[in-house]
Amino acid sequence: MDKINGVVQKKYVDFDDFAAHENEIVTITGYVHRIREMTGFSFVLLRTARDVVQCIYAPEFSDYRWDDTITENSCVKVSGKVVASADAKGNKRYELQIHNVEVLSRPKEQSPIVINKKQLDNVPLDTNLNMRPLTLRNPRERAIFKIQEGIARGFRDFLSGQNFTEVRTPKIVFAGAEGGANIFKLDYFGKQVYLAQSPQFYKQALVGVYDRVFEIGPVFRAEHHDTSRHLNEYISMDFEMGYIDSFYDIMNMETGALKYIFALLRKEYPKELALLQVKMPEITEIPVIRFKDAKDIIVNKYKKKITDFNDFEPEEEQLMCKYAQEQFGSDFIFVTHYPSKKRPFYTMDDPADPEYTLSFDLLFRGMEITTGGQRIHDYDMQVEKMRSRGMKVEDFETYLMFHKYGAPPHGGLGLGLERLTMNLLGFKNVRYTTMFPRDINRVTP
Ligand code: AMO
């Protein structure tokens, strides 16, 4: 009988290990990315999981003879000798002198678009998204999502180190947590239910269990407009923490998480950062401004006419980011004390001025990436606020169990992963930083 012992042997060498194998024969696997025939030899670029490795075929390296039927996008196993060379700038690098190529599979057709350059040249966004399984193979495209992986990983690592428990909450829910019309309704065996707009109710309940929780998961918003910053499904990085002194604890925790994330990217994702020419933000401290004061600055300094006194328009977010850059040299700015009218029912009003809330947004390079704040933890206060908003309290019985049976002062936030990635990498449309976007016109691939 066969038995499996769980010992996973590394079968092939990674490009990162080439230095340790200089002048040795190794085997690597990957896609044939590009073949360039020269006089007497050929460059064969091999696309491995994270690199494009330069391999060289020449008859003098071995008895192996190049098979002319090998095309780009063939999956191959290449053996050869690791040799040191220099790139155009004279930096040491490694390449592989081919001794053998084993073809594992061949593409049925040639790729309809050119993906084997550093970047997708002149491919319209729509085509890029229509052909995601293919376009994501482009080194620059895949680097976007490698960096995104690093962001989520940093968020998780940092919070785990701060005694947060990772949780997973349902996405089919009994009620919308965030209000507004952007909720997807679902027929659930004849009963109307919804797709979760956020894990809000659950993360609050779990503060009563673990004190500190976080979740990285999909949330759903039925956005009726086609904008460059809204998706119908996005990844929300949420946390919620109990026993806070004020919502400043939340902003501090987020600032710590961001510092950690950027340090992790610098350390472990330098290839992708270089490929995408990312301008990394430097965070020491993040300036904080009240919503009311921000509106004054927008009017007085930037001479903009305000049309919405309770929220920011996208252009106003841009102006506040400009202000943060000019005044503090910061890519980030926290805006606090948003008007109560525009914040969800669970938000704690400011006892000093109940028209405003103990809440905040974080703006980054021109756009809101986070909403957070302190929540109501007192049962009567929460019920009262729900009633004042015309909500049917009976419908929220299970949500209110948390408040009814004892809740600590607490708060948290939701950080949009695609938006953070978008503004970090300098894209103008959030679809570029969404692997398989869902918007009003798109549910495929
Ligand atoms: P909010 O609704 O402001 O707050 O969402 C939090 C963050 O999620 C991102 N985001 C979106 N990203 C892409 N497409 C969308 N349609 C979209 N909508 C929102 C933004 C935003 O800042 N429960 C609260 C958070 C909390 O207080 O804990 C909430 O969901 O980056």
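Analyst: The ligand takes up the space of the largest pocket. A pocket here is an open set of points on a 1 Å grid over the protein atoms alone, with protein on both sides within 12 Å along at least five of seven lines. This is a predicted model, where local features need pLDDT of at least 70 and side-chain atom pairs pLDDT 80 or more, while totals for chains, interfaces and linings use all residues. Residues are numbered from 1 along each chain as its sequence is written, and side-chain values use heavy atoms, with hydrogens and water left out.

User: Which elements give two or more residues to the shell around the ligand?

Analyst: Helix H4 (200-210) and strands S11 (233-242), S17 (367-374) and S18 (410-416). S17 gives the most, with five residues.

User: How many residues surround the ligand?

Analyst: 23, and the closest are Lys203, Glu368, Ile369, Thr371 and Arg375. The shell divides into five nonpolar, nine polar and nine charged residues.

User: What about Thr371, how far is its side chain from a ligand oxygen?

Analyst: An N or O atom in the Thr371 side chain is 2.7 Å from a ligand oxygen. For the Arg221 side chain, the distance from an N or O atom to a ligand oxygen is 2.8 Å.

User: Switching topic: is Asp238 buried or exposed?

Analyst: Asp238, in strand S11, has 4% relative accessibility, so Asp238 counts as buried (under 20% relative accessible area, 1.4 Å probe, protein chains only).

User: And which side chain does Asp238 pair with?

Analyst: Lys203, with 2.6 Å between the two side chains in a polar contact (a pair of N or O atoms within 3.5 Å, one able to donate a hydrogen and the other to accept it). Lys203 is also among the closest residues to the ligand.

How values were computed. Near = heavy atom within 4 Å. 1 Å grid on protein atoms, 1.4 Å probe; cavity = no way out; pocket = protein on both sides within 12 Å on 5 of 7 lines; lining within 4 Å. Sits in = over half its atoms within 2 Å of the grid points. Helix = DSSP H or I, 4+ residues; strand = E, 2+ residues; numbered from the N terminus. Nonpolar A, V, L, I, M, F, W, Y, C, P; charged D, E, K, R; others polar. Buried < 20%, exposed > 50% of the residue type's maximum accessible area, 1.4 Å probe, protein only.
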